[in-house]
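Colleague: I would like to go through the salt bridges here. Please back each label with its cut-off.

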Amino acid sequence: MNSEFAAYQHQLDALTVFSTLKQDPVIRGLRRLFAGLSDLESRSCTEQGRPEKGDVAKGNPASDSAADLIVLYSDVLAALYPATADLSVYLQRIVLADDNFYVRAVAAGRPLSEEIQMAVRRELSILENLAALPCRKVQEAMNYDGYLPAWSNSSIHLLGDFTKKLRQLPVTGYGIFARHHFFRFAGGEILPVTHPDVQPLSRLFGYAHERELVIRNTEALLSGEPASNMLLYGDAGTGKSTTIKAMAAEYANRGLRLIEIKKDQLLQIPGILEELSDTPLKLIIFIVDLSFAENDDNFSALKAALEGSVAGRSANTVIYATSNRRHLVRETFAGRGGDEIHVNDSLQETMSLAARFGLAIAFQKPGREEYVHIVRALADEAGIDISDEELARKAEAHAIRRNGRSPRTARQFVELLQTGLA
């Protein structure tokens, strides 16, 4: 006869929509434990007499089974404890974090059959029933009266929680996009950045007009309105990349994610855009320090991605790039002369890439007044007590010794003030 534990095992084995959960270490451990408990119960039913608890005589099948079950039981707790001691909470977390075909289909707005919908409801019921399993019931069935660690249980409602999660997909995302906000493209994969270098938007001073343009374009993207691909160009250290990263962090709770790709990966952009087209999130494809030499294949790849490819850019993505160059292509006088007959056509080609960005915003080095204003704001934020006159004098002297005035120079100067080195 099938025991209760055999039923648990078979139900977990039958998971289909949530089949990836069978690879979770706690679920995998429970399946093995249930199989062992079911086997112990089956053998005990065929024996003439049930062995006494704690019987450890060598060669006794019951004691051998107890030893094996202790190992299986402790394996479950060893996998559970680093996350939580509450089995219900653990199962709730992994169910809501599961990246399966059903979640992706709902996110993309694809229809699903009633059979699949029924399977989802049934499997969530199975997992909720498992979440309520008290460890005491398992311990009593193990034929062992020594010490065993325990788990706790909570009241959870998986179907309701899962339904709520599906409604929130445009903001929370799924899979790695639910757990992280910043990503990079490497080895043909989109990988999370677990410790992004980001400053809050509220800590960026100066360039109010330039940042307002970036904010308005990003909010248009989030609102589902037409948003432009954007080029931030100008002097080094003026906060171009910092602004874009701060923007992504500021709006992460509204469903914005950022994926950084390098210039030598631009040929991969069509594939990346195709992969992201079904996600309900809004995404920034971020290209840092963009510039090209002549006859660079990546030049044409980016042109096609911005405008002109057969596969159009989906409404949930924009390309934000930064560059120290307005026209992006490094030119030489020899290249302008050369021996080409249609020189003007070549010049138009080099300028056409920048023109394909719908919005180009210049970040130029600040004048003295704006530079000192940025320094003063940073110093006040850091709690540095120094007069305006002395601060301005020291900040100007620092800028002369470095690469001139810029927000980066200002921040470095204030950091030196904090440590007493300026």
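Colleague: What separates Glu140 and Arg136 by about one helical turn?

Modeller: They lie 4 residues apart in helix α7 (residues 135–140). Helices are DSSP runs of H or I, at least four residues, and strands are E runs of at least two, numbered from the N terminus. This is a predicted model: local features need pLDDT of at least 70, side-chain atom pairs count only at pLDDT 80 or more, and totals for chains, interfaces and linings use all residues. Residues are numbered from 1 along each chain as its sequence is written, and side-chain values use heavy atoms, without hydrogens and water.

Colleague: What makes Glu140 and Arg136 a salt bridge?

Modeller: The term needs a side-chain nitrogen of Lys or Arg within 4 Å of a carboxyl oxygen of Asp or Glu. Their N to O value is 3.7 Å, so the pair qualifies. The whole structure holds 12 salt bridges.

Colleague: Why is Glu396 called buried?

Modeller: Buried means under 20% relative accessible area, exposed over 50%, partly exposed in between (1.4 Å probe, protein chains only). Glu396 has 15%, so it counts as buried. Its salt-bridge partner Arg405, 2.8 Å away between the closest N and O atoms, has 25% and is therefore partly exposed. Shared partners join Arg368, Glu396 and Arg405 into one network.

Colleague: How do you know that Arg110 and Asp278 form a salt bridge?

Modeller: Their closest N and O atoms are 3.1 Å apart. The pair links distant parts of the chain, 168 residues apart. Arg110 sits in the loop between α5 (101–108) and α6 (114–131), Asp278 in the loop between α13 (269–276) and β5 (282–287).

Colleague: Why does Arg110 count as partly exposed?

Modeller: Because its relative accessibility is 40%. Asp278, at 38%, also counts as partly exposed.
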